[in-house]
Amino acid sequence: MTNDEVQSELSVGRWALSVGRWLPMAQIIVAPSILAANFANLADEVRRVEEAGADWIHCDIMDGHFVDNISFGPMVVGIVRKQTKLPLEVHLMIEHADHFVPRFVDAGANSITVHVEPEARHDVARTLQQIRDAGCRVGLTLNPATPFESVERFLDKIDLLLIMTVHPGFGGQPFRAEMMDKVKRAAARNKSRGTKMHIEVDGGINPETAKISIENGANVLVAGTSIFHSKDYGNAIRQLRGDLG
Ligand code: DX5
Ligand code: ZN
C-alpha cells in the first residue's frame with residue numbers, strides 16, 4: 001500500500017482501501033504482531049498471514065530503554081516491506097522516536113504510532129506532525145498506567161489511538177480488562193464528534209478478549225501469540241473477528 005493510498009483512505013473516511021478491495025469501516029481490522037512470528041522464516045510467516053486474511057502487519061520496535069526488551073529496527077521492517085503489500089504499522093516503543101521516524105518511513109512504514117509518556121523523550125505534537133508530513137497514518141499510544149487525559153489534547157491530530165492492554169515490552173502477557181474504560185471513552189468521543197479515529201488494542205488479544213474489546217468500541221486488533229502460535233492462521237484471524245462462518 002502506498003502512502004498516497006493511506007492518505008486517500010484517511011480522506012475518504014467511511015470506506016477503507018486495502019489492496020484493491022473496499023472494506024466497510026465497520027469491519028474489524030486484524031494486525032498480526034510479527035514479534036511472535038518465527039524469525040527464522042520471517043518472509044514465509046508474513047506471506048502466510050497475508051494469505052490468511054490479515055489486514056495490516058504490526059511491527060513492534062523496542063529499544064531496551066523505553067521498554068525492558070530489544071526487538072528489531074528499520075532493516076527488518078524493510079525486509080517485511082518486500083514480502084507484502086499490506087499496510088505496515090510500526091509501533092515505536094523507543095526513546096527519541098522523532099529521530100528515527102524518517103528511517104521507518106524509508107523502510108516502508110505506512111502507519112507510525114508513538115508513545116505519549118514523558119519517558120519516550122520526544123515532543124509529542126511535533127512528532128505527530130512529522131509523521132503526518134511524511135504521509136503516514138498518525139498513531140498515538142498510552143500504557144496501562146497512563147490516564148486517558150494524557151492523550152486528549154492530541155486526539156484531533158491523530159488517525160489512530162492505540163490503547164495498550166498490557167504493559168509494553170513482551171508478547172504473551174495477560175489482557176487487562178480494566179483498559180476497556182479508555183476504549184469506551186475513545187468510542188464515545190468518536191460518536192459525539194462524528195469522527196472516525198481508529199481505536200486499537202494491543203496485548204493479550206485472543207477470541208475472548210477481542211470480543212470484549214469490539215463490544216467496547218475497538219475496531220483494530222493487534223495479536224501476536226493467538227495468531228502465530230496457532231496451527232491455522234486463517235482460522236485464528238477469523239475467530240478474532242468473531243467470524244465463525
Ligand atoms: C507488546 C507489543 C504487542 C505484543 C502483542 O509490547 O506491543 O504488540 O507483541 O503480543 P500478544 O498478542 O502475544 O500479547
Ligand atoms: Zn505492539
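The legends below describe close-up views of a predicted model.

Residues are numbered from 1 along each chain as its sequence is written, while chains are lettered from A and ligands numbered from 1 in the order in which they are written. Local features need pLDDT of at least 70 and side-chain atom pairs count only at pLDDT 80 or more, whereas totals for chains, interfaces and linings use all residues; side-chain values use heavy atoms, with hydrogens and water left out.

**View 1**
Eight strands form an open sheet in the order 3-10-9-8-7-6-5-4, with parallel pairing. Strands (E, at least two residues) and helices (H or I, at least four) are DSSP runs numbered from the N terminus, and two strands pair if DSSP finds at least two bridges between them. Strand 3 (29-32) and strand 4 (57-62) are the edge strands, each pairing on one side only. On average, neighbouring strands of this sheet are turned by 25° against each other, direction ignored. Axes are lines fitted to C-alpha atoms, for helices over the stretch in contact, and angles run from 0 to 180 degrees between N-to-C directions.

**View 1. Helices on the sheet.**
Helix 3 (residues 74-83) packs on the sheet and touches strand 4 and strand 5; contact means heavy atoms within 4.5 Å. The direction of helix 3 makes about 165° with that of strand 5. Helix 7 (residues 180-193) lies across strand 7 (137-142), strand 8 (160-164) and strand 9 (198-202), and runs at about 170° to strand 9.

**View 2. Strand 5 beside strand 6.**
Four bridges join strand 5 (residues 88-93) and strand 6 (residues 111-115) in the parallel sense. Within this pair, His91 stands opposite Thr113, and Leu92 stands opposite Val114. In strand 6, five of five residues are buried, a term that means under 20% relative accessible area, with exposed over 50% and partly exposed in between (1.4 Å probe, protein chains only). Ser111, Thr113 and His115 are buried on one side of strand 6, and Ile112 and Val114 on the other.

**View 3. The zinc ion (ligand 2).**
His58 (NE2), Asp60 (OD), His91 (ND1) and Asp202 (OD) coordinate the zinc ion (ligand 2) at 2.0 to 2.3 Å. Donors are N, O and S atoms within 2.8 Å of the metal (3.2 Å for Na, K and Ca); water is not among the atoms, so sites may look incomplete. The arrangement is octahedral because the six donor atoms subtend angles of 71 to 168°. Six donors count as octahedral if opposite donors are over 155 degrees apart and all others between 65 and 115. The donor residues are spaced H-x1-D-x30-H-x110-D in sequence. His58 lies in strand 4 and His91 in strand 5, so the pair ties together parts that are 33 residues apart in sequence. Both His58 and His91 are buried.

Ser33 is found in the loop between strand 3 and helix 2 (42-51), and is buried with a relative accessible area of 5%. Not counting residues up to four places away in sequence, Ser33 touches His58, Asp60, Val222, Ala223, Gly224 and Phe228. Val166 lies in the loop between strand 8 and helix 7, and its relative accessible area of 4% makes it buried. Leaving aside neighbours within four places in sequence, the contacts of Val166 include Pro144, Arg176 and Asp202. The C-alpha atoms of Val166 and Met179 are 8.9 Å apart, and the two residues are separated by 13 residues in sequence.

**View 4. The buried face of helix 4.**
In helix 4 (residues 97-107), Ala97, Val101, Phe104 and Ala107 are buried. Viewed down the axis of helix 4, the buried residues fall within an arc of 125°, so they line one face of the helix; the arc is that of the directions from the helix axis to the C-beta atoms. The cover over these residues includes strand 4, helix 3, strand 5, strand 6 and helix 5 (124-133). Just after helix 4, Gly108 takes a positive phi of about 110°.

**View 5. Positive phi in two loops.**
Most residues other than glycine have a negative phi. His96, in the loop between strand 5 and helix 4, has a positive phi near 55°. At 36% relative accessibility, His96 counts as partly exposed. Arg121, in the loop between strand 6 and helix 5, has a positive phi of about 50° although it is not a glycine.

Note on methods. Tetrahedral: all angles 85-135°; square planar, octahedral: opposite > 155°, others 65-115°.
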